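The sequence and structure are shown first.

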Amino acid sequence: MSTLDPFEATDLFNLDNVNLDVLTENFPVEFYFEYLILWPGLFFKTVEQTVDASITTNNISGYMMAKTEGHGNDWHSHITAVTVAPEFRRLFLASILCNTLEKITDVLPHNVNFIDLFVKCDNALAIKLYEKLGYSVFRRVVGYYNTAGDGYPETLKKCNDDKDAFDMRKGMIRDKGKSIRSDGRKHRCFPHDIKF
Amino acid sequence: MSDRTEKEIFELIEKSNFKQCNVKIALLRKQFPNSSYYVILELFAKFKQSPKKFNYETELNSKYGLQGKEYVNDRKALNLLHTLFIEYSKFEEALNVYEKAMFKYPSFQLAMEWFDKSISDGHYKYMAKASLQLSKYAVVGKNSTLDKRNYSIWYAISVLALFRFKRDTLTATELKLFPMLAFKNLEEIKPFHNSEEYIIYCSVCEALFIDLCNENNENNEKARLIVNEILPTLSSEVNLNLKKFIIKYCAKIEDYELLYKSSKKILESIDDYSVLKSFIKASKHIGKSNEETKKLIIDLLGPSRNARLAYLECDVTFTGKIDRDSVMFYLEKFHHKQCCVVDLNAYKEYLEVESVLNYMSELEPKNDIHDVNTLHFSNLTSNESSEKAINLYNSHKHTLNKKMKTDYSILSTSIIKLVEESLSSNGKNPSLNDVLFSLSLLENYQTKDPHNFDTKTWIIALYMHLGCVSQAYSHFADLKIKNVQSDIMHHLIYTRMSSLFPHKSHPYIQHFLTEKENLYEKSLPRLTNFIKISFEREAYSKIMGMLDFRNRLVSSSFKWLSDIEETQLARLTNNKRGTLIQKNLESWRKINMINGAFNFSDNRDWSRFGEFVKKDNLPYTFQYLKFTDMSMKVNFIKELMIYYLSLGESNSTLDNLIQETIPSDKLVLLKEHLTPIEAWSFNIFYDLYKNEGSSLNDTLEYIPSKEELSTWRLSNYYITKLATLKTLDNMQQISDKKLKESIKKQLQELRENCDDLYKSYSSEIISSSSVLSSTQKKILNSLDYKELKPELITDGILKIQKAVRDL
């Protein structure tokens, strides 16, 4: 039984269930604080109320870190991280977190035009999840996940599913379909093109 | 004074070149006789030159203390005065100089500096006072970017922090006055501009009135204020903080019609179980039926997990018992999901185990998770559960080959069950065989589920129990622990590191020191500034959490543990300790400043091993982690005693600390919080510091128990004894020739025995692994697992042996 609560700085002490996962990034404290300060309403968690507090303090089953950015038509919310503890996966918690973000930012004071996120091109499971939630590929960001060793991409002609990201978007009604491209996968851009 | 001259003076102080420094200051004082800054700078240099000779009372306290009549206006002078008072742990006086300055020379900038310093010192009362001054002197566009109304909110937040963290410092009048003023100020700035302001208003009503007041009338009055204030926001925005307030206080004032409408409105936007529970409660109160409520829930949320589980809540609320149909409605979708046990456990008093098992048996697919859930619901004896765990594992082990590497298999719970059974050993301490058998189970499993962090943390703990740090680290490294996780997870390896693996160049130690620096030396000092920014950026709802986080990290018991370990390691390896001791003292002062006492915050994750490991009653195999708050204080005292012994002087701070911490009958305390050899070592230095070593001859002889010659206890015994004898050998205070010779002889004998001690332990490992019980072998065979090669352990022991033999 999941409840949605605001994320607090002290929750960082109780995230092991989620963040020990090998694919989940652990950011420096300053990064989490930046999100708490700039977008306090867009950083939230799911809490499992039925977890026995006498056994574990780790009752956070997932969390959403998001922000708003851009100007004019590009004003949107961006999902920086959405992650769920392994034992609570495949229960639609990620969907609940994404839907909640949508509900929060589709109204005042945010009123965004669309929501976007980046996902590795080879992460078929995640892409499928986001498609189910109404997201579609808007463009392919070549070399988004490049390491320092890989260097900055020099051309848009070379693709690598393990290094490239799909910029997936879901438009709100006020966006009037501007964030939807039926041929989004064919549109390519450099990482510097995605700065807002 | 130019910045350059100022820089030169501070560099001279840093280098202890006081002759030149004093000349420069004297010259400046002559040039600028009216400058208060140079007066304080001279005082500061005098203090730094000889803290012992500096007369705090006449030079500092009588002039600038709470009763002092000297007023300082200059920012730099105030800053130096603040630093000086902090050096004496006079936290009140350190900020009071700003209050006095504000009284005589009020300005917005001065109030802001006062506020900033108060955040940094965790002094919430002064934060509150400074906020009032900010509000008084702020002029938008001239000296402030924020409006006066913002500072009213700053005041309210400061009072909230004061009541939450340091309420016991308040007088009866302040307890009454501060909340009233916070509330009044907020009432005056209505209407609120955004949800952050609403949240602070609600928090003030809740924390400063409702939670503190026993009178129902006043409670309800403030609860109603919260409801009335938030209600209009429900139709325009979705805010998770405000959601909590409206649900809680609609219920408190028993306005169920409103609770029903509000929770329904919220459920139209978000799928939330606590709101669902309130909705169900309200639904009953306003006369809706069970069926009607269930239908509404599905209409609102669809058949989600929360909605299905809400059927059980509906039954409990409306009829006091749960229908089969409701359980089945939940189980049909979640019998084979991991949430099933945890969800249904919340309703266990209304559910019969037999019935649940019957329902489960009707459902398909019976995958691995379904079977594990069934096992959890079954009330089995330990023998039965071991057998079931093996059968379950074998029935589904094929899934381990099919799953994605990054997925985690539920079958780990079967293996952990077997490990727990093995280590429980019918209430006795587990033998080496039991530990080696457990490691065989876990290591075999890990190859099939490589990223499973539950089994991995078990492996780390068991290797650490055996004293094999490098093996433990090879698994720990896979977890990629970093940033704040270091504070939570590194204790699994770093506890007692200086006496388990004093190998400074080992990758683990290098990795740890880098992470330690990143978190405690780089990130932590920045947090105060982030808190300040959160005030300026109006992220009001997050400030209490940030303050709490900063305070918990400053007083983190693991931070303290790691500082003390570093100091102990430096002593063992003959490195300079003066800077480390000063750092320890600074941390100690900071904890006192932030907490108002020398108390720690234990942020270590004790939940990783479920019910098997309870922090206050650690099982035998986790005893190496037993490092309590008292263990830390005692070790701190020990290092201070050694330090001041080496300087040939006593220290009043240390004397006070000993008096506060160590009771006259210290034996019981030491036995409870230290290993026998650690207690012996403490007693030796205590005797030297307090009694000039009058009992040293008697206490020096130490004969280890059999238990201390294997597992992690061997290194702990050997290295602690070695470090103690080495320190004694270097002490000039010990002048008795016979005693000196005895110390040297013991040291030599200990070193000569090093190889034998570790070889004997290795032999014990080899013989234990060759005599796994028939049951243990049978279990390994049935799982198709191989026995752990003893060389894996003995290699680890050899690594430690090599690391310590030349110490």
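## Helix 4 of chain A

The buried residues of helix 4 of chain A are covered by elements that include strand 4 (76-84), helix 3 (93-105), strand 5 (114-120) and strand 7 (165-171) of chain A. Helices (H or I, at least four residues) and strands (E, at least two) are DSSP runs, numbered from the N terminus. The model is predicted: local features need pLDDT of at least 70, side-chain atom pairs count only at pLDDT 80 or more, and totals for chains, interfaces and linings use all residues, while side-chain values use heavy atoms, with hydrogens and water left out. Residues are numbered from 1 along each chain as its sequence is written, with chains lettered from A and ligands numbered from 1 in the order in which they are written.

Helix 4 of chain A spans residues 124-132, and A:Ala126, A:Ile127 and A:Tyr130 are buried there (under 20% relative accessible area; exposed means over 50%, partly exposed in between, with a 1.4 Å probe and protein chains only). Seen down the helix axis, these buried residues fall within an arc of 100°, so they line one face of helix 4 of chain A; the arc is that of the directions from the helix axis to the C-beta atoms. An α-helix has 3.6 residues a turn, so residues three or four places apart point the same way. The face turned away from the buried side of helix 4 of chain A carries the exposed residues A:Ala124, A:Leu125, A:Lys128 and A:Lys132. A:Gly134, with a positive phi near 100°, follows helix 4 of chain A.

## Chain B overall

Chain B has 43 helices and zero strands. Its C-alpha atoms fill a box of roughly 95 × 80 × 45 Å along the principal axes. Of its 807 residues, 58% count as buried.

## B:Phe10

B:Phe10 lies in helix 1 (residues 3-14) of chain B and counts as partly exposed, at 27% relative accessibility. Leaving aside neighbours within four places in sequence, B:Phe10 is in contact (heavy atoms within 4.5 Å) with B:Tyr37, B:Leu41, B:Phe44 and B:Leu80.

## Helices 26 and 27 of chain B

Helix 26 (residues 453-466) and helix 27 (residues 469-476) of chain B pack at an angle of about 165°, their axes 8 Å apart. The contact is made by residues including B:Ile459 and B:Tyr463 of helix 26 of chain B and B:Ala472 and B:Phe476 of helix 27 of chain B.

Key. Axes fitted to C-alpha atoms, helices over the stretch in contact; angles between N-to-C directions.
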